[in-house]
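Open the model in a viewer and keep the selection panel at hand.

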Amino acid sequence: MDIAFSTPLKGNLVLCRDFREAELTRRDGLYKFLWVRQGGLSLEVDHVPMRLAAGEIVSLTPLHRIGGVRADGDCLSLLFDSNFYCIFGHDGEVSCNGLLFNGSSEPLRLALSAERQEALERIVEELCAEYAVNDGLREEMLRMQLKRFIIVCTRAAREHFGVDGPREQLFDTVRRFHVLVDEHFRTHKRVQDYAELLHRSPKTLSNLFAACGRPSPLSVIHDRVNAEARRLLLYTDKSAKEIGYLLGYEDTAAFSRFFAKMNGESITSFRSRVQRE
């Protein structure tokens with residue numbers, strides 16, 4: 001491990017080039033960047049297999065559960081929690097909330113250009129250099145390097161979605177939509193609900209998502225609800241009725257139909273299959 005830094009307020013920053021699943025899973029509440037510099041990385045995110053190739057990076061929230069990690073090359077993990085750097089409180093600085101980090105079932109994975117990889121390499125070197133300096137300024141210097149790392153990844157994500165200067169403001173609405181869905185998906189299931197919060201019409205939102213090459217607003221809502229349903233089924237012993245109620249479904253049958261439509265199998269079948277694996 002290269003860096004394991006804790007603040008007096010229990011903030012944590014971890015940088016690990018000796019890739020180990022234990023470090024990724026033993027701490028709660030961590031945002032994660034997993035970057036494959038050479039070779040490849042296999043893992044499961046919420047029991048969904050994922051394979052990253054050289055030059056790819058994935059960003060994960062504390063909601064995502066990782067397992068089955070197998071690194072066959074040079075892989076790096078950068079982990080932090082909200083006590084070290086709050087992406088909500090500092091959204092104006094890095095603009096990553098709802099873009100790099102959201103609770104959907106499909107984490108954002110990016111293929112980094114050579115230029116972006118070189119920029120991240122320099123930041124990692126400076127992180128390690130600052131960690132070696134044991135003075136009262138170290139914490140803030142480490143936080144600054146983390147911010148730089150996030151900003152480089154945010155820029156890569158914007159390139160991935162084709163967001164240039166003129167479209168940046170439009171894409172910011174898409175990003176804010178994701179943030180609102182993370183906050184309200186249990187109670188708000190209609191696009192109209194979020195359109196009102198954003199002071200836009202549902203049609204305008206749909207056009208914005210289409211212009212940015214994103215799935216429809218309704219599919220984003222459904223994916224977030226489904227992701228939470230799968231997590232509750234995977235990691236708790238709550239019944240389908242209890243989970244449906246937590247997700248805003250008073251009718252268990254309606255929740256069961258929604259789950260089957262989204263996943264192609266019933267709740268009972270899903271739970272049985274995962275338990276066998």
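Buried here means under 20% relative accessible area, exposed over 50%, and partly exposed in between, with a 1.4 Å probe and protein chains only. This is a predicted model, in which local features need pLDDT of at least 70, side-chain atom pairs count only at pLDDT 80 or more, and totals for chains, interfaces and linings use all residues. Residues are numbered from 1 along each chain as its sequence is written, and side-chain values use heavy atoms, with hydrogens and water left out.

Select phenylalanine 177 and phenylalanine 209: both are buried.

Next, look at the rings. Rings of Phe, Tyr and Trp (its six-membered ring) pair if their centres lie within 6.5 Å; planes under 30 degrees apart are stacked, over 60 edge-to-face, and the rest tilted. The whole structure holds 13 aromatic pairs. Phenylalanine 177 and phenylalanine 209 make an edge-to-face one, with 5.0 Å centre to centre and 80 degrees between the planes. This pair links distant parts of the chain, 32 residues apart: phenylalanine 177 lies in helix α5 (residues 168-184) and phenylalanine 209 in helix α7 (residues 202-211).

Now select Tyr31, Phe33, Trp35, Phe80, Phe101 and Phe149, which ring pairs link into a cluster.

Finally, switch to a cartoon of the chain. It shows 11 helices and nine strands; these are DSSP runs (helices H or I, at least four residues; strands E, at least two), numbered from the N terminus. The C-alpha trace spans about 60 × 50 × 35 Å along its principal axes. Of the 277 residues, 48% count as buried.
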